[in-house]
Amino acid sequence: MRIKHYIVSVALAMLSVACAHESRLQLPAIISDGMVIQQNSNMTFWGRALPGAYVTIHTDWDITVTATASPDSVWSVSFPTKAADNKPHQIAISTSDTAIVINDILLGEVWLASGQDNMRMPLLGWGLDTIANSAKYIAEANDKYLRMFDMDRRISWRKEFEIRGEWKPTTPENAEMFGAAAYFFAKTLRDSLNVPVGIINNSVGSTPCEAWVSDDMLKESVDFGHKVTDLNALANGMDQYVSWLRSLPYIKIPNNYDHERRLAAIDVNDEFVTLAMPQYDSWSEMNLPKYWDEDVLGDFDGIVWFVKEVAIPESWVGKNISVHLGAIDDCDKTYANGICIGEHNHSGEYAVQRAYNIPARYVKSTSVVIAVRVTDTGGEGGFAGTLDDKGMCLQQGSEVVSLEGPWKFRPAGEFYEDNLVLFDPVGDVFISRPTPSLFLTHRSPSALFYGMVYPISKYSISGIIWNQGEANVNHATQYRETFPLLIKSFRKAFNSPNLPFYFAQTSSWQYNHCDSTSLASIREAQRQVAAEVPNVAMFSTVDISEPRTPHPSHKDIEGQRFARLALHHNYGFKHITPSGPVLRDVNTLGQFLNLTFDNAEELQISPVDYAAFEIAGEDERFFTASTVIHNNTISLFSYAVPNPLYVRYVYRNCSSGVIYNSEMLPAESFMTTPKLEN
């Protein structure tokens, strides 16, 4: 008898002998056709049914287990899995009135890919943020044994059951939207292990560490403990706000990769705002340039109209005028006197300086009305400002009229789950909204833990790959405390105290400017966590960083480096060097500061980047250091520092790596206070 017929027959037989009571059997979306389950593990299936309903699970490798739905309608049951065999399997889930057969199941290695943009960034790329050799990789993507489950974003302060997503095999059509780093990680595992690999990707862009930490863990935090003392009360306040949102008209917009392109085509009262010329006096006011997170809107994700009427010299009438708005986070559509003069509608264009032109034929009077439709899909939103001294302005020839200062604004729509909720522009609907004590966003403490981690925490996995940190820049001390709590949260949720956790050290990029040190403390916090928390490892990306963007294009290299860690630590490939040189020890000897490294076979230094090494004495004044290399030790010295005590490596935002081992893997960024030799 064929396996499919057998498993269906078993399910029907169970159905026929069961008591005829309604069960209302439900399964989470992750337990579905095409799923990959962890080989040689204790797998858990779970779902909902009416209290007392009897649920039976039968696998085609002849395992049968049962469960009973609890008074809160939840059931779960665990069963042993077998070794991967590269064959499709079936599992039947039966109750008194329902039989569900899950088809095309693979046994293999399952990993969770999580974090923010650098883990979410798709193989297709994001506008100006591209993936190196993307077209080639997409065309070659064809592997039915490599599958990915992309979770749709969900935020919550309650333990959630719902999971939105779908298991997809690797094809060119599917792969272009796979998280690139996770895809290359999985591909490298496939090539090395020859077993199916499944990736659950629950990453969310622009998210801080604390959003991924459970409230139980955050209660230990000095900075966040008071914010999570009563999540139920906060959740009740948000329930009122959500009910208000659901009462308004909306447009369904899946919040997935590069959905800004679809948003740009949607009319959010464009004609009313730009042509009907409503009475702007009743609108709220904001001084620009500014991120609206710093103003009355707070952590708002959606679409906001900004309008300013500007007086121009009479000599400008009938002439071309250039409009300089600086960078706008994330997207914009800009009008002058009711005419669209330019737009940027791709992810990754948040740092692009907006410069548009008003054609002479539209400059008919000494008054110009500039209207900017700003779309923010996550993180900070609004006007970041310009890079030059002119600032936000109109310009004609050498003459300039400033656009900085007060602008009128009104929200046009807010993202909620997969919807764009619309606000009536005539009456200020938004201003009359319910106002909970703390708005729930994807940046709220614990919001992503309960929305994105808890719902999948029963699923058996081999480990976690993680890429996050940019959203916590300038809060390194806080991050140093919360990042270990995040790891503990994930391990406790998955009931695996030593679950492997591998992450990328934050890449180099200009942030506020290249010579700044904004990123250094975050990178040092990450290095310390990697050194102190058991079964955690990190790799560096400084050699593949790109100063213009926080999203390096070589996700193939990132994925391969994640895989190096897993292959070495999880799968016994000890001949594979797991990472670049890792600082082991620092000591002083006279005017020399000596650094000793692990993973340092054939230690080498490339042509030295600007200020790659800096050392300081007791006065903590740092000077660029010269280097001498011997075996796995680097000696640093500077004539300006006769008694060196401190060292920092790749301390500037745009510094690139110079220390490598025989595999050309870069050393991590570090700052140290060394021991003194007797």
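The model is predicted, so local features need pLDDT of at least 70 and side-chain atom pairs count only at pLDDT 80 or more, while totals for chains, interfaces and linings use all residues. Residues are numbered from 1 along each chain as its sequence is written, and side-chain values use heavy atoms, with hydrogens and water left out.

Helices (H or I, at least four residues) and strands (E, at least two) are DSSP runs, numbered from the N terminus. From its first C-alpha to its last, helix 13 reaches 21 Å, close to the 21 Å expected at 1.5 Å a residue; the expected span is 1.5 Å times one less than the number of residues.

The loop between strand 26 (536-539) and helix 13 holds Glu546, which counts as buried at 17% relative accessibility. Glu546 touches Ser508, Trp509, Pro552, Ser553 and His554, not counting residues up to four places away in sequence, where contact means heavy atoms within 4.5 Å. The C-alpha atoms of Glu546 and Ser508 are separated by 6.8 Å, although the two residues are 38 residues apart along the chain. With Ser553, Glu546 forms a side-chain polar contact of 2.6 Å (a pair of N or O atoms within 3.5 Å; within protein, one must be able to donate a hydrogen and the other to accept it, and residues adjacent in sequence count only if both atoms are side-chain atoms).

Turning to the strands, seven of the eight residues of strand 8 (residues 143-150) are buried, so strand 8 is largely enclosed by the rest of the structure. Strand 8 runs antiparallel to strand 9 (residues 167-170), joined by four bridges, and pairs in the parallel sense with strand 10 (residues 197-201) over five bridges; two strands pair if DSSP finds at least two bridges between them. Asp143 has Thr170 of strand 9 as its bridge partner, and Phe149 stands opposite Ile200 in strand 10.

Note on methods:
Buried means under 20% relative accessible area, exposed over 50%, partly exposed in between (1.4 Å probe, protein chains only).
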